[in-house]
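Let's take a walk through a protein together, one stop at a time. Have a look at the model below, and keep it in view as you read.

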Amino acid sequence: MKRAPLFFFLLIALFSCNSSRKMLEQRHYDGAVAKSAQTLMKNPDNQKEIDVLTQAYNLANDEDRQRIKFLMQSGEPQVWEEIYERYMRLKNRQDLIKPLSASIKQRINYTYVDYDKDIIDSKRKAADFLFSEGESLLAKGDRFSSRQAYDRFLRVKHYLPAYNGIDEKISDAHAKSFSHVLFQIRNNSGKRVSHAFEEDLLKIGLQDQGYEWIVFDTRPNPGIRYDFTIILNIRKIDISPELSTSAQFEETKEVEDGWEYVLDENGNVQKDSLGNDIKKIKYKALRCTVIRFSLGKSATVDGTLDFLDNDGGQLIKSDPISAESKFDFVYALAKGNKEALSEETRRLTTLTITPFPSDDEMLLQAADRLKQYTFEVLRANQHLVQ
């Protein structure tokens, strides 16, 4: 079977730093079996590994058989999953040994056992128990029990994909497992906001955030009974005045402007050691007058994110939430020789003057930030509405 190599190779990877003897001593029997079998495939005459394999294989089999015997004697229906897994371990372990040479199998007293009937029987009984338990859980009618039922039905599907009625049960349990949450916005700031502002907030896309077992609506659906309501309660909106300041200054730069002779104190041209006239570079100062303008405006939205339990009509939690948008724009005008300007000042003189954004535009920018903060608060508190 395909499961056997994967199962035991994972064990080898898990215990790769340990020898098979060490794993045997630590009672990691399957790891010891897997590692010894791997070694013996390459070196079938390794007596030390044969000794380890003999002990680990028989001890692991004895452990599983004793556990199966105990579970069967208990008579409890919930034991069939473990019984099935124990039988699978016996079969997988046996399949791992099967490729080894006949001489090795003889030395470890290998005897083939057909576990297929026991596996099929225990798998069927495990599926029957899980299906029955899932039905009982689903009948309770609450979303928490439905999630447990959904888990049980998925396990049935894992064991027996064609189990009668399982797909319908999975679908039914899944549909009843969700909590339904209505997300609303309330403007209690006393200030008017545009329809676009509220519409932008309602396009928050909560359902795209991958919440498990939570369905969000931003508009009430008459056919749904909502378990929770989350209210973005806007309590305060502040929009600053449009501020404009200016500052005038001068920038200068020295640049080369030809050359001139170096004169001595008597006004004569100085000579170097070879008798040549000494020259030096002349510099001149470039000047440019700059007026730097700074425009500024901000909008702040403060409020709370309120979590309400609709069953009890109680406020579960209220978290503060705040967002700000800022408009900062700087530009400059220059008069004089622009070669004197620094690189940054030169850049400012090339900018096209941008007008102040309107109050509504500032609020829309704040709404984008408010949505991001809302995501963060919801992510941290999703357990409250699951």
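Before we use any labels, here is what they mean: helices are DSSP runs of H or I with at least four residues, and they are numbered from the N terminus. With that in hand, you can find Gly75 in the loop between α4 and α5. Keep in mind that what you see is a predicted model.

Helix α4 covers residues 47–74, which is 28 residues. From its first C-alpha to its last it reaches 41 Å, close to the 40 Å expected at 1.5 Å a residue. At its start, a side-chain oxygen of Asn46 comes to within 3.2 Å of the backbone nitrogen of Lys48.

Which residues of α4 are buried? Among them are Ile50, Leu53, Tyr57, Ala60, Asn61, Asp64, Ile68 and Leu71. The partners that the buried residues of α4 pack against are α2 (20–25), α3 (29–42), α5 (80–97) and α6 (102–107).

Now step off the end of the helix. Just after α4, Gly75 takes a positive phi of about 70°. Is Gly75 buried or exposed? With a relative accessible area of 61%, Gly75 is exposed, because exposed means over 50%.

Glycine is one thing, but other residues deserve a second look here. Most residues other than glycine have a negative phi. Arg27, in the loop between α2 and α3, has a positive phi near 70° without being a glycine. Its relative accessibility is 57%, so Arg27 counts as exposed. Asn109 is not a glycine either, yet its phi is positive, at about 60°. You will find Asn109 in the loop between α6 and α7 (116–139), and at 58% relative accessibility Asn109 counts as exposed.

Our last stop is a pair of helices. Two packed helices are described by the angle between their axes and the distance between the axes. For α8 (residues 143–159) and α9 (residues 166–175), the axes come within 8 Å and cross at roughly 155°. That makes α8 roughly antiparallel to α9, because angles over 145 degrees count that way. The crossing of α8 and α9 is left-handed. Where they meet, α8 contributes residues including Tyr150, Phe153 and Leu154, while α9 contributes residues including Ile166, Ile170 and His174.

Notes: Residues numbered from 1 in each chain as written. Predicted model: local features only at pLDDT ≥ 70, side-chain atom pairs only at ≥ 80, totals over all residues. Heavy atoms only, no water. Helix = DSSP H or I, 4+ residues; strand = E, 2+ residues; numbered from the N terminus. Expected span 1.5 Å × (residues − 1). Buried < 20%, exposed > 50% of the residue type's maximum accessible area, 1.4 Å probe, protein only. Contact = heavy atoms within 4.5 Å. Polar contact = N/O pair within 3.5 Å; in protein donor to acceptor, adjacent residues only side chain to side chain. Axes fitted to C-alpha atoms, helices over the stretch in contact; angles between N-to-C directions. Parallel < 35°, antiparallel > 145°, perpendicular 65-115°, else oblique. Left-handed = near helix turned anticlockwise from the far one by under 90°.
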